[in-house]
Amino acid sequence: MHAMNRRTDRSDGTGADPCGARDTDVIVVGAGPTGLLLAGDLAEAGLGVTLLERRPAEISNLTRALVVHARTLEQLDARGLADELVAGGHPLTGLRLFGRATIDPTQLRSRFPFVLVTPQFEVERVLERRARRAGVTFRHDSEVLGLDQDAEGVTVRFRTAEGLGSVRAAYVVGTDGVRSTIREAVGLPFLGRSVVRSLVLADVRLAQEPDSPLTFNATGEAFALIASFGSGWYRVIGWNRHRQAADDAPADLDEVRELTRLALGSDYGMHDARWVSRFHSDERQVPSYRVGRVFLAGDAAHVHSPAGALGMNTGLQDAANLSWKLAAVLRGRAPDGLLDSYQTERHPVGKQALRSSGALIRIALLPTGPGHAVRALAAQLVNRVRPLSRRAVRTISGLGIAYPAGPGAHPLAGHRAPDFRLAGGSRLYELLRQGRFVLITPAGEPGVPQAPASGGDSPRPADDRVVTASWRSERRTALLVRPDGYIAWATDATAPAARTAALRGAVAHWTGTEDGASIATALTPPAHAADTPAGR
């Protein structure tokens with residue numbers, strides 16, 4: 001993604017400009033994966049970004065997420081980060097859900113037909129490095145106290161070791177987790193309930209190495225997951241039906257050993273726990289992801305059980321959806337109404353994540369006896385019924401997510417764009433690293449005006465909104481792909497004049513080159529999850 005001149009964060013802890021001017025364009029609260037990806041995107045788009053984080057810089061975040069799915073890897077690939085993460089992790093070509101039920105990601109039409117096991121802190125490491133290079137202003141040890149918004153912007157009040165301060169921006173995004181201060185500040189309820197109590201979390205060493213970097217099983221009496229950090233340490237998450245306690249009750253290594261033996265048949269010689277804690281898991285979601293100039297993303301907007309490893313992945317995809325829209329509005333290329341489509345598109349996805357993880361955890365928690373029969377039947381269905389297996393893997397991987405395209409749209413519109421190979425040897429997701437729309441047309445056909453290439457036939461920007469490219473194959477469909485990798489528009493028209501007019505009209509409509517207001521009108525129906533015709 002390209003960079004432009006950025007606003008300067010003028011907040012010095014004494015408050016915002018007395019005249020009401022903005023200190024920065026966007027304030028992101030919370031330096032977890034979701035906040036880091038969002039802040040990096042906005043900074044690379046040339047916007048001023050201040051990231052407020054309660055933790056001191058030297059204290060790392062609590063890592064619970066351990067899995068990165070294919071769609072998230074594609075989003076990271078569009079930022080030039082996926083290959084590094086894959087190289088340091090453990091790609092798995094199968095993921096066991098419960099009993100003998102497995103999903104097979106090798107059937108996915110993606111550059112990443114696997115499940116990547118890597119700890120959350122590795123994801124944060126690459127995202128933070130990118131955000132800092134892009135110019136994000138980090139303010140650690142800053143506890144947010146509240147906010148005030150008006151028609152022109154939002155002022156966030158915070159406290160540091162030096163005292164009270166504030167910073168003002170056009171928009172604020174709360175990515176500050178389950179106990180979100182931003183969510184409370186705008187008065188949004190976190191609707192839902194607790195579904196699993198007395199979960200135990202531990203980091204341990206093992207005398208015996210498991211067969212897989214990610215080992216999971218549920219028996220009805222207990223479930224346990226063991227994941228390798230790749231450094232001799234292993235993360236264990238588990239639950240024992242017979243040892244239910246409050247979150248503040250002490251947990252120890254003996255309890256972890258017991259639940260692991262119940263669920264996995266072995267404790268693998270666990271020893272040297274560096275810490276053990278207890279927590280509970282909720283299913284909750286806010287009714288609205290937007291309140292005026294304030295947005296919520298990630299765990300601040302939705303939270304669910306760890307089953308399916310959907311939490312961090314859903315949050316990162318929230319950020320990818322919101323960032324390009326904020327950039328378009330702040331750079332005058334779309335009206336504020338475009339931002340309403342974040343709710344329209346992502347709220348149903350969060351709801352689906354709650355349903356999917358909820359179904360998995362409820363099957364895992366069914367008691368021995370009838371539960372064994374249900375798990376066995378579910379395993380047979382997932383493993384043997386191909387359409388069901390395909391739907392399961394596309395749902396969990398995120399590749400099955402699609403957004404509405406409106407009446408009369410091409411069947412591909414709103415669906416994820418696969419990583420198409422293009423003329424000149426380029427890939428679609430390499431072009432998306434520029435943070436622009438990508439227009440793909442048949443070779444030799446006119447498109448929008450394009451800057452001359454300096455050599456070779458590599459794609460060049462038409463302006464700072466659109467990159468144009470041609471199919472490597474004889475394919476005749478023309479596509480306009482959004483910066484988040486979803487197809488905004490497509491046509492199969494063959495008459496040259498009609499095709500060229502439709503193509504240029506779509507580019508103007510979506511990028512604001514002629515009518516910035518029109519971009520908001522295309523994103524109004526409710527979102528849904530579906531198979532992607534483009535990826536079949």
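These notebook entries record what I looked up in one predicted model.

**Confidence.** I began with the pLDDT values. The protein chain averages 85, and 83% of the residues score at least 70. I noted that residues 1–19 have a pLDDT below 50, although this stretch has 53 contacts in the model beyond near neighbours in sequence. I then turned to residues 524–536, where pLDDT also stays under 50. For these residues the model has 44 contacts beyond four places in sequence.

**Sheet.** I traced an open sheet of six strands, ordered β8-β2-β1-β12-β19-β18, with mixed pairing. Its edge strands are β8 (137–139) and β18 (290–291), each of which pairs on one side only. I recorded that helix α1 (residues 33–44) packs on this sheet and touches β1 (26–29), β2 (49–52), β8 and β12. The direction of α1 makes about 165 degrees with that of β2. Within the sheet, I found β12 (residues 171–174) and β19 (residues 294–296) paired in the parallel sense over three bridges. Opposite Phe-295 in β19 stands Val-173.

**Gly-177.** Which residues does Gly-177 contact, leaving aside its neighbours within four places in sequence? I found Arg-183, Asp-299 and Ala-300. Gly-177 lies in the loop between β12 and α5 (181–185). Its C-alpha atom is separated by 4.5 Å from that of Asp-299, which is 122 residues apart from it along the chain.

**Aromatic pairs.** My search of the whole structure returned ten aromatic pairs. For Phe-112 and Phe-114 the ring centres are 6.1 Å apart and the planes stand at 90 degrees, so I classed the pair as edge-to-face. Phe-112 is buried at 3% relative accessible area, and Phe-114 is buried at 13%. I also examined Trp-324 and Phe-437, an edge-to-face pair with 5.6 Å centre to centre and 85 degrees between the planes. This pair links distant parts of the chain, since Trp-324 belongs to helix α7 (residues 311–330) and Phe-437 to strand β22 (residues 437–441), 113 residues apart. Trp-324 counts as buried at 8% relative accessibility, as does Phe-437 at 6%.

**Cluster and charges over rings.** I listed Tyr-171, Tyr-289, Phe-295 and Tyr-342 as one aromatic cluster. Arg-293 lies over the face of Tyr-171, at 5.0 Å from the ring centre. Elsewhere, I noted the charged end of Arg-132 over the ring of Phe-138, 3.9 Å from its centre.

Methods. Residues numbered from 1 in each chain as written. Predicted model: local features only at pLDDT ≥ 70, side-chain atom pairs only at ≥ 80, totals over all residues. Heavy atoms only, no water. Pairing = 2+ DSSP bridges. Helix = DSSP H or I, 4+ residues; strand = E, 2+ residues; numbered from the N terminus. Contact = heavy atoms within 4.5 Å. Axes fitted to C-alpha atoms, helices over the stretch in contact; angles between N-to-C directions. pLDDT = per-residue confidence, 0-100. Phe/Tyr/Trp six-rings, centres within 6.5 Å; stacked < 30°, edge-to-face > 60°. Buried < 20%, exposed > 50% of the residue type's maximum accessible area, 1.4 Å probe, protein only. Lys NZ or Arg CZ within 6 Å of the ring centre and 35° of its normal.
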